[in-house]
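Welcome, and please take a moment to look over the model shown here. We will walk through it together, one region after another.

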Amino acid sequence: MIQEEYQPSVYSHRNRYMVEHSDRVIAVYDGREKGGTVRTIRFAHQMKKELREIPVGEIYFPKK
């Protein structure tokens, strides 16, 4: 656990922690230019971690 309470930055802190403590990173990535996944991929590059990207197409959610 990174922190006890939810704050908007909690996912960024979690992702950074996981990259820092991993030998390699596997990212399932839909190609968006913004968001947590692309920031995590960029951080993994900065940390010179082995990186594998699994591309996925657009994700559609059925309307309720």
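Is Ile26 buried or exposed? Ile26 counts as exposed, because its relative accessibility is 61%; the word buried is kept for residues under 20% relative accessible area, exposed for those over 50%, and partly exposed for those in between (1.4 Å probe, protein chains only). Before going further, please note that this is a predicted model, in which local features need pLDDT of at least 70 and side-chain atom pairs count only at pLDDT 80 or more, while totals for chains, interfaces and linings use all residues. Residues are numbered from 1 along each chain as its sequence is written, and side-chain values use heavy atoms, with hydrogens and water left out.

Let us stay with Ile26 for a moment. Ile26 sits in strand S1, which covers residues 24–29. Strands here are DSSP runs of E with at least two residues, helices are runs of H or I with at least four, and both are numbered from the N terminus.

The structure holds three salt bridges, each being a side-chain nitrogen of Lys or Arg within 4 Å of a carboxyl oxygen of Asp or Glu. In one of them, Arg24 pairs with Glu50, and the closest N and O atoms are 3.4 Å apart. This pair links distant parts of the chain, since Arg24 belongs to strand S1 and Glu50 to strand S2 (residues 50–55), 26 residues apart. Arg24 counts as exposed because its relative accessibility is 52%, whereas Glu50, at 34%, is partly exposed. Glu50 also meets Arg52 in a salt bridge, with 3.2 Å from N to O. Another salt bridge joins Arg32 and Asp30, whose closest N and O atoms are 2.7 Å apart. Arg32 is exposed at 56% relative accessible area, while Asp30 is partly exposed at 28%.

Now for the empty space. Rolling a probe the size of a water molecule over the atoms shows where such space is left. The largest pocket has a volume of about 170 Å³. On a 1 Å grid over the protein atoms alone, a pocket is an open set of points with protein on both sides within 12 Å along at least five of seven lines, and its lining residues have an atom within 4 Å of a point. Grid points are joined across faces, edges and corners, and the volume is the space filled by probe spheres set on the points.

Which residues line the largest pocket? They are Tyr11, Ser12, Asn15, Arg16, Gly36, Arg39, Thr40 and Phe43. Helix H1 (10–20) and helix H2 (36–46) each supply at least two residues of this lining. By class, the lining has two nonpolar, four polar and two charged residues; here Ala, Val, Leu, Ile, Met, Phe, Trp, Tyr, Cys and Pro count as nonpolar, Asp, Glu, Lys and Arg as charged, and the others, Gly among them, as polar.

Arg16 of the lining lies in helix H1 and is partly exposed, with a relative accessible area of 42%. The C-alpha atoms of Arg16 and Ala27 are separated by 13 Å, with the two residues 11 apart along the chain. Helix H1 also holds Tyr17, which is 45 residues from Pro62 in sequence and 33 Å from Pro62 in space, C-alpha to C-alpha.

Our last stop is Lys48, in the loop between H2 and S2. Phi of Lys48 is near 60°, a positive value in a residue other than glycine. With 73% relative accessibility, Lys48 counts as exposed.

Notes: On a 1 Å grid over the protein atoms alone, a cavity is a set of points where a 1.4 Å probe fits but cannot get out, and a pocket is an open set with protein on both sides within 12 Å along at least five of seven lines; lining residues have an atom within 4 Å of a point.
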